[in-house]
Amino acid sequence: MKTSFPKKDIRIVLLEGIHSSALEAFRAAGYDHIERHDKALPREQLFDAISDAHIVGLRSRTQLDAEAIAHTRRLLAVGCFCIGTNQVDLHHARELGVPVFNAPYSNTRSVAELVIAEAILLMRRVPERNAECHRGGWAKSAEGSFEVRGKTIGIVGYGHIGTQVGVLAESLGMHVLFHDVEAKLAMGNAAPAQDLGDLLARSDIVTLHVPQTRETAGMIGANEIARMRRGAMLINASRGNVVDIGALATALRDAHLAGAAVDVFPKEPKSREEEFVSPLRDFDNVLLTPHVGGSTQEAQLNIGTEVASKLVRYSDNGSTLSAVNFPEVNLPEHKGSRRLLHIHHNVPGVLSRINEVFSKSGVNINGQHLQTDGDLGYVVIDVSAPEEQSEDLREQLAAIPGTVRTRLLY
Ligand code: NAI
């Protein structure tokens, strides 16, 4: 397989109506060979479309499993233009030396804005007033309505989204408390709570921004809700299994909590056709949204740019920073050098064989980068050598037992 070629020959296939910002990013970097599809393709058409592609971009509806990957002949890298990467057989891609990239943080602001909007709406009792108006009611009253100014928002998980929520909340005059398992630098006047229980007891609104881990599964159950203030509100736009929905429904029925906003659920419909089933549908004072916390046009645009840029960087320069299935190497530019990429099984002897190739060749090595990740190793070597000699070196590297793939970047 010839893997070293100029970028004009690199074929990019973008599926599922990926935002035009991706196209612009590829074109700006000199990649013109781009095929775009508006929808996810049926399997046979997909196999056909990706057979010659060097780079495949997809979203959540395309299953790039081992069978689909087997239909690719030149695949260099995969871009998931979304957050999740379950739709790609990451292990198989890795075994073939194919890094997979995604955009985990492009929608941070979108989630943070929704959470702030929900905090205000819940404090003003808008969900139930809105529902009553829709039914012809007119519950004109200040009863139970509050400004958010001066209230305390408790942020559980003070990461990308949590910190943004804190900054926005503070600009509205809220007090910000946070709890995280890691020591975190507080933004503005935000203050760390002593622990989760302390945060729950001191907050008027609790908002969850933790990842899905073994520790966060069910982390807000009946005991935790009982520790929240009577009349407090709960917002969950993190992951569906973080909150025990049954316990939340009980607390709402008992009026221990005055309201909630939930965007993520333990069981979510797979399509628009499937009914959304949840005990929370019974409550007017619960804002329900279909996992759209990060779904905005801006987020789509950011995702397009972010993932395309990562793919361009890998293709142009070999950098794998933030690849989800691959040793991460953040490389400087290689102006004035040719760059050899060597992806290999991380077994004893490969590195010494690589070094042997170079010591025998007598070429000048300008830089060498190595990263291993479990069973996979990635070495990048910058050399001063003419094109033909560099290609010869690449062939020698490719012949080393344990090699998965090699490339030469001009
Ligand atoms: P992040 O990784 O930047 O932050 C998560 C924070 O939670 C980290 O600071 C981490 O140390 C902390 N953490 C981990 N385990 C914890 C625990 N047991 N207790 C307290 N803190 C803990 O993640 P990011 O980007 O802020 O996302 C947060 C959540 O939001 C994720 O679950 C993500 O899947 C979800 N999300 C939801 C979206 C939606 O559409 N509703 C869109 C984007 C993200």
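By a salt bridge I mean a side-chain nitrogen of Lys or Arg within 4 Å of a carboxyl oxygen of Asp or Glu. Please keep in mind that this is a predicted model, in which local features need pLDDT of at least 70 and side-chain atom pairs count only at pLDDT 80 or more, while totals for chains, interfaces and linings use all residues. Residues are numbered from 1 along each chain as its sequence is written, and side-chain values use heavy atoms, with hydrogens and water left out.

The structure holds 20 salt bridges, and one of them joins the side chains of Arg-94 and Asp-375, at 2.6 Å from N to O. This pair links distant parts of the chain, 281 residues apart, with Arg-94 in helix H4 (residues 90-95) and Asp-375 in the loop between strand E14 (364-373) and strand E15 (376-384); helices (H or I, at least four residues) and strands (E, at least two) are DSSP runs, numbered from the N terminus. Arg-94 counts as buried at 12% relative accessibility, whereas Asp-375 is partly exposed at 43%, where buried means under 20% relative accessible area, exposed over 50%, and partly exposed in between, with a 1.4 Å probe and protein chains only.

Let me turn to Arg-125, which is found in the loop between helix H5 (108-123) and helix H6 (126-134) and has a positive phi of about 60 degrees although it is not a glycine. Its side chain meets that of Glu-128 in a salt bridge of 3.6 Å, N to O, and both Glu-128 and Arg-125 are buried.

Salt bridges also link Arg-43, Asp-65 and Glu-67 in a network.

Now to the ligand: which residues are closest to it? Of the 26 residues that surround the ligand, the closest are His-160, Ile-161, Asp-180, Val-210 and Asp-263, a residue being counted if one of its heavy atoms lies within 4 Å. An oxygen atom of the ligand is 2.6 Å from an N or O atom in the side chain of His-160, a polar side-chain atom of Asp-180 lies 2.6 Å from an oxygen atom of the ligand, and for Val-210 a polar backbone atom is 2.6 Å from a ligand oxygen. Taken alone, the ligand exposes 870 Å², of which the protein buries 86%, with areas from the Shrake-Rupley method and a 1.4 Å probe.

Notes:
Polar contact = N/O pair within 3.5 Å; in protein donor to acceptor, adjacent residues only side chain to side chain.
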